[in-house]
Amino acid sequence: VLTNRVVNLAGAVFLVTGTLIAAFAPNIVVVIIFWGLFSGIGYGFLFGPAMVTVGQYFEKRRSLANGLAVAGGSVGQLVLPLFLSYILNEYGYEGAMLIYAGVCLNVIPGVMLLRPPSFYNRGKKAVQQRRELAAKEAEEKKLQNNNLASISEKDLEDGESHADKRAMYGSTKSLDHAPMQE
């Protein structure tokens, strides 16, 4: 099943693989194919499903959440060239690409944390069901106690007391349904 998480994970693998192969490329054609094509496919697989996942988590302020997520991507596009320029000057082409591949590897733990909102609602549903069951049991016990406490005038006509009826029919049975003695 192709969930957002699976597609994002495939994108992360494409991104890291393309960057690693481009680090050891013998010529520019290989760099274009692997860093351009493979890493580009990886970015595409990462961006779309990530935006969908953000939309699944938020209902009330969905537009704000999507706006912040897209703005974060834009900030990354501003910072990434500066970062790559710095590490390229410090470590050379191969070193810069290996460091960048290592940075891209950090996407994988982030992708593994992307779970559907239903995963987090399971616990909430179980707690809600337990509360509803406890409330239902409390209501039934309250009705049972009310039935034991109430004695109709018809029940008192034969001269038996409430305590006699409890002893005769058990304290858990309703007195309203007790058989009449003749």
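**View 1. Ile41 and the nonpolar surface patch of this predicted model.** Ile41 has a relative accessible area of 31% and is therefore partly exposed, a class that lies between buried (under 20% relative accessible area) and exposed (over 50%), with a 1.4 Å probe and protein chains only. Ile41 is placed in helix α2, residues 28-57, where helices are DSSP runs of H or I with at least four residues, strands are runs of E with at least two, and both are numbered from the N terminus. Together with Ile28, Val29, Ile32, Ile33, Leu37 and Phe45, Ile41 makes a nonpolar surface patch of about 620 Å².

**View 2. Gly48 in helix α2.** With a relative accessible area of 30%, Gly48 is partly exposed. Gly48 and Val7 are separated by 41 residues in sequence, while their C-alpha atoms are 9.3 Å apart in space.

**View 3. Asn8 in helix α1.** Asn8 counts as buried because its relative accessibility is 1%. When residues up to four places away in sequence are not counted, Asn8 touches Phe45, Leu46, Pro49, Ala50, Val111 and Leu114, a contact being heavy atoms within 4.5 Å.

**View 4. The largest pocket and its lining.** The largest pocket holds about 780 Å³ of space; among its 25 lining residues, Tyr43, Leu46, Phe47, Gly72 and Gly73 are the closest to its centre. The elements that give two or more residues to this lining are α1 (4-23), α2, α3 (62-105) and α4 (107-112), and α3 gives the most, with 13 residues. A pocket is an open set of points on a 1 Å grid over the protein atoms alone, where a 1.4 Å probe fits, with protein on both sides within 12 Å along at least five of seven lines, and lining residues have an atom within 4 Å of a point.

**View 5. The chain as a whole.** The chain has seven helices and zero strands, and buried residues make up 20% of its 182 residues.

**Notes.** Residues are numbered from 1 along each chain as its sequence is written, and side-chain values use heavy atoms, with hydrogens and water left out. In this predicted model, local features need pLDDT of at least 70 and side-chain atom pairs count only at pLDDT 80 or more, whereas totals for chains, interfaces and linings use all residues.

Key
Patch = residues over 30% accessible without salt bridge, like charges linked within 9 Å, V, L, I, M, F, W, Y side chains within 5 Å. Areas by Shrake-Rupley, 256 points an atom, 1.4 Å probe, with all protein chains shown as cover. Salt bridge = Lys/Arg side-chain N within 4 Å of Asp/Glu carboxyl O. Points joined across faces, edges and corners; volume = space filled by probe spheres on them.
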